[in-house]
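Subject: Structure handover

Hi,

Here is the structure for you to look through. My notes on what was found follow below it.

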Amino acid sequence: MKRLELPHQLADYLCPVNGLCDVYEWKTGKRIPEELIFYSKAGFQMISQKKAAVPKMIFMGQGSIGKREYEFWKGIVGYEVIADEGKCFRTTWKNVRQLLDQDIPVILFGLDMFYLPYQSKFYHRQHIPGHVVLMIGYDETNVYVHDNSKAEMQTIPIAELELAWAEDYIGISKKNAYFGIDMRSPETDTAWIVQKGIGKNAETYLSSPLSFVGQRGLDRFIGEFPEWKNIFPEEELLKIYFHFIEYTGSILPELPYEISGQRSGIINPHRASRDKFAQALVRYKDSLGEEAWEEAAHHFQKSGEIIEKIVDGFLEDVAGHSFRHTEKYIPLFQALRKHEDDAFRRILNTQN
């Protein structure tokens with residue numbers, strides 16, 4: 001049996017970074033706000049794959065949850081990542097126990113809430129894959145975790161963990177994915193951490209070497225989009241529009257009721273988290289940031305509103321099976337580009 005005593009805070013819908021923030025507080029006595037870490041990865045990506053189910057996948061962020069998220073922050077926060085995925089459960093279970101024995105907490109990635117007993121709303125009722133928890137202990141029959149939605153330590157029977165961890169997660173991770181967070185020499189200046197991370201993301205957006213990322217990717221999208229109606233059949237355009245709509249959810253990826261016919265009960269505007277990032281910038285500008293954050297927040301709030309207008313238009317197009325009048329979106333895309341550019345430049349100017 002092994003159990004680590006870590007601090008823990010609730011962070012609704014921020015499970016990918018909640019455990020990381022717990023480990024940081026354990027080592028430093030200070031806390032990095034989850035929302036600044038998670039929502040700061042605002043940006044743009046356009047993934048083009050001719051043979052994929054969705055040939056044009058638009059993401060309004062510059063990094064995804066998973067390995068790239070933890071790799072992005074490791075040199076800034078000051079930790080090492082010990083990661084693996086895709087192995088059999090027996091091998092993985094042995095590896096994560098060895099990490100715990102070395103006092104290294106482990107992020108368990110891509111779990112299905114259907115198998116988590118403490119998630120009573122979903123347990124043996126509904127499959128909700130992709131959940132993330134922090135493993136802080138184990139014994140012969142159970143694993144002990146911190147969950148972002150629960151205040152107290154939670155228990156998962158090992159047999160249930162095996163089932164919860166048994167599937168890949170939509171191209172983000174393979175089965176049995178884990179990330180040991182070895183935080184031996186963390187940076188203790190939390191203001192420096194968040195400013196450095198947010199500034200690095202702004203720099204990537206404005207000066208990405210990749211043509212599908214950041215402002216370059218957005219410019220490419222604006223140039224291509226009017227021609228997609230002449231390139232893709234309607235069934236593929238539907239998939240492209242659905243993907244865009246789903247991945248602009250501010251809280252989590254979700255299709256609205258008009259398409260899915262289901263109500264999750266979550267207030268989830270389709271503003272691509274710009275609204276959440278703007279709120280975080282204003283909330284923490286005095287304690288962790290700069291005055292310019294408030295101006296940047298104003299522009300992110302505006303760009304979020306524009307994204308919501310685009311989504312509303314896409315919903316009308318989908319409902320009417322009408323994809324011919326794409327030129328109506330160009331002024332919206334151009335206004336979005338202007339606000340995003342202004343927001344990221346405000347942030348980057350504080351780094352100089």
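**Aromatic pairs**

Y39 is buried, at a relative accessible area of 6%. Buried here means under 20% relative accessible area, exposed means over 50%, and partly exposed is in between (1.4 Å probe, protein chains only).

Before going on, some ground rules. This is a predicted model, where local features need pLDDT of at least 70 and side-chain atom pairs count only at pLDDT 80 or more, while totals for chains, interfaces and linings use all residues. Residues are numbered from 1 along each chain as its sequence is written, and side-chain values use heavy atoms, with hydrogens and water left out.

Rings of Phe, Tyr and Trp (its six-membered ring) pair if their centres lie within 6.5 Å; planes under 30 degrees apart count as stacked, over 60 as edge-to-face and the rest as tilted. The count by this rule is 27 aromatic pairs. One of them joins F38 and Y39, edge-to-face, with 5.4 Å centre to centre and 70° between the planes. Another aromatic pair, F44 with F221, is tilted: 5.8 Å centre to centre, 40° between the planes. That pair links distant parts of the chain, 177 residues apart: F44 is in strand β2 (residues 42-48) and F221 in helix α7 (residues 214-224). Helices (H or I, at least four residues) and strands (E, at least two) are DSSP runs, numbered from the N terminus. Both F44 and F221 are buried. Ring pairs also build a cluster, and F44, F221, F225, W228, F232, Y241, F244, F314, F323, Y329 and F333 are linked in it.

**The core**

A nonpolar core is a set of buried Ala, Val, Leu, Ile, Met, Phe, Trp, Tyr and Cys residues joined through side-chain atoms within 4.5 Å. The largest one has 114 residues, and L108 and F221 have the most contacts inside it. Helix α12 (residues 292-320) gives the most to this core, with 11 residues. F221 is in contact (heavy atoms within 4.5 Å) with F44, M46, I58, W228 and F333, leaving aside neighbours within four places in sequence.

**Helix α3 and its surroundings**

Which residues of helix α3 (residues 67-77) are buried? They are E69, Y70, F72, W73, I76 and V77. Seen down the axis of α3, these buried residues fall within an arc of 155°, so they line one face of the helix. The arc is that of the directions from the helix axis to the C-beta atoms. The face turned away from the buried side carries the exposed residues R68 and G75. Just after α3, G78 takes a positive phi of about 105°.

F72 has charges over its ring. The rule: NZ of Lys or CZ of Arg is within 6 Å of the ring centre and within 35 degrees of the ring normal. The charged end of K41 sits over the F72 ring, 4.1 Å from its centre. K200 lies over the face of F72, at 4.7 Å from the ring centre.

N201 touches F72 too, along with S40, K41, A42, Q62 and F344, not counting residues up to four places away in sequence. N201 is found in helix α6 (residues 190-206). N201 counts as buried, at 2% relative accessibility. The N201 side chain reaches the backbone oxygen of A42 at 2.8 Å.

I32 is in the loop between α1 (15-28) and α2 (34-39). I32 is buried, with a relative accessible area of 2%. Not counting residues up to four places away in sequence, I32 touches C21, Y24, I37, V77, T190, I193 and V194. I32 and G78 are 46 residues apart in sequence and 13 Å apart in space, C-alpha to C-alpha.

E35 is placed in helix α2. Is E35 buried or exposed? At 15% relative accessibility, E35 counts as buried. Leaving aside neighbours within four places in sequence, E35 is in contact with L14, S40, A280, R283 and Y284.

D103 has a positive phi of about 65° although it is not a glycine. D103 lies in the loop between α4 (89-101) and β5 (106-111) and counts as partly exposed, at 38% relative accessibility. S273 is not a glycine either, and its phi is positive, near 65°. S273 is found in the loop between α10 (257-260) and α11 (274-288). At 15% relative accessibility, S273 counts as buried.

Best wishes

Technical notes
Polar contact = N/O pair within 3.5 Å; in protein donor to acceptor, adjacent residues only side chain to side chain.
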